[in-house]
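Thanks for coming. I will go through one structure, starting with its overall dimensions and then turning to one of its sheets.

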Amino acid sequence: MRTNAELMRDLELIFARIQSASLPIYETLKQSLGEYAQSTNATGDTQLKADIQADTILQNTFKDLRIVHQVCSEEQEQAIKLHDKGIYSIAYDPLDGSSLMGANLSVGSIFGIYHGDFLPQNLVASAYILYGMVVGIGFASILKEGVDYFVYNGKTFDLQKCFKLSHKGKLNATGGTQKNWSLSHKAKIESLFNAGYRLRYSGGMVPDLHHILVKGGGIFSYPSTSDAPQGKLRMLFEVFPFAFIFERAGGGAVCISENAHNITEVKRLLELTPKHLHDTTPCFFGSLEEIEFVSK
Ligand code: AHM
Ligand code: MG
C-alpha cells in the first residue's frame with residue numbers, strides 16, 4: 001500500500017492530467033455541432049463525433065503516465081493495459097450526456113481512480129469535469145473530506161469551493177421513464193414534491209449532480225424500471241465515481257432493488273461487485289435525509 005504522501009503525489013499527477021485534458025475536450029465541444037458518427041459504442045449507443053474525440057484525448061492523456069496500469073472507457077469494449085508496473089486503474093466516461101450537445105446544454109466527463117483493479121472498494125479518488133459556461137472540475141479523494149471544486153480562469157484552475165452537503169436539501173432530480181417506475185418509487189417521488197422539493201433535471205448526470213453539490217443537498221435518482229430493471233447508468237463509468245464523491249461530500253449513495261410494488265433490497269453502491277465492465281445499476285445519490293427516506 002502507498003503512504004499518504006506517495007498517494008498524494010500520485011493523485012496530483014493524475015489530477016494534473018485530467019485538468020490538461022479538459023481544455024482540448026472543451027475546444028472540441030465548441031467546434032462540434034452535436035454531430036453523430038456512423039458508429040456505436042460497447043453498450044450499443046450511437047456515438048457522436050465528440051464522444052470519439054474526447055475518448056482519444058483521454059487515452060493519449062494517460063498513455064505515458066507510468067503509475068497507471070490500465071484504463072477503461074465507456075466508449076471501449078475492453079480495458080486497455082498501459083504499464084505493467086503501474087498500480088492504478090482509471091475508468092472514465094469521456095463525454096457523459098453527449099446527446100444534449102445538440103441542445104447546447106452542459107455535458108461532462110467522469111473519472112474513477114482505483115488502487116488495483118476496478119472494484120469500488122479500491123477507489124482512492126474520483127473526479128468530474130463540467131463543460132458549461134466555464135470548465136469546472138470536482139475532485140474527491142480518500143485523503144480529505146469534501147469535494148474540491150476548481151474553475152478554469154483562462155490560465156490556471158483555481159480552487160473555488162469545497163462542497164459539503166447539508167443533512168437535507170431541496171432539489172429533486174428524477175431519471176428514468178416515468179410510466180415504467182414502480183409504484184413505490186412513484187409514491188416516494190410524489191411525496192418529495194408534496195414536501196416542497198423542486199424538480200431539477202437536465203438529463204446530464206454531471207450537471208445534475210453538480211447542481212445538488214452546489215446547492216448543498218437534494219436527491220438524484222435513476223431507478224430500476226420495468227423496461228430497465230438494472231437502470232441505465234454504468235457502475236464503473238458513472239455510478240461508482242459519483243457514489244464516492246457524494247459520500248466524501250457527507251451524503252449517501254445507494255442501490256435500491258424493487259419489484260412492481262415494494263423495495264426488496266437497499267445496498268450501498270460502493271459495496272456492489274460488477275461482473276462486467278459495462279454493468280449498470282439503479283442508483284440514488286443525495287443528502288442523508290433524502291437517501292434515508294427513499295430507502296424505507
Ligand atoms: P450517456 O452516457 O449515454 O450520455 O448516458 C448517461 C446519461 C446521464 O448523463 C443522464 O443522467 C442519463 O443518461 C439521462 O438518461 P434519460 O435520458 O433516460 O433521463
Ligand atoms: Mg455516460
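Before the first number, a definition: the radius of gyration is taken here over C-alpha atoms, and the globule rule is 2.2 Å times the number of residues to the power 0.38. Please keep in mind that what you see is a predicted model.

Now the protein itself. It has 296 residues, so a compact globule would have a radius of gyration near 19 Å; the value for the protein is 18 Å, which agrees. The C-alpha trace spans about 50 × 45 × 40 Å along its principal axes.

How much of the protein is buried? Of the 296 residues, 54% are buried, where buried means under 20% relative accessible area. The protein exposes about 13,300 Å², and 51% of that comes from carbon and sulfur atoms.

On contacts, take those between residues at least 6 apart in sequence: 61% of them join residues at least 24 apart.

On charge, there are 28 positive and 31 negative charges, and their mean positions lie 4 Å apart.

Next, the secondary structure, which comes to six helices and 16 strands. Eight strands form an open sheet with mixed pairing, and the order is β4-β3-β5-β6-β7-β8-β9-β10. Which strands sit at the edges? They are β4, residues 80-81, and β10, residues 157-163, each of which pairs on one side only.

Strand β5 covers residues 88-96 and strand β6 covers residues 107-115; the two pair in the antiparallel sense over seven bridges. To find the pairing on screen, look for D93, which stands opposite I110 in β6.

How values were computed
Residues are numbered from 1 along each chain as its sequence is written. Chains are lettered from A and ligands numbered from 1 in the order in which they are written. This is a predicted model: local features need pLDDT of at least 70, side-chain atom pairs count only at pLDDT 80 or more; totals for chains, interfaces and linings use all residues. Side-chain values use heavy atoms; hydrogens and water are left out. Helices (H or I, at least four residues) and strands (E, at least two) are DSSP runs, numbered from the N terminus. Buried means under 20% relative accessible area, exposed over 50%, partly exposed in between (1.4 Å probe, protein chains only). Contact means heavy atoms within 4.5 Å. Accessible areas come from the Shrake-Rupley method with a 1.4 Å probe; for residues, only the protein chains shown count as cover. Lys and Arg count as positive and Asp and Glu as negative; His and the chain ends are not counted. The place of a charge is taken as NZ of Lys, CZ of Arg, CG of Asp or CD of Glu. Two strands pair if DSSP finds at least two bridges between them.
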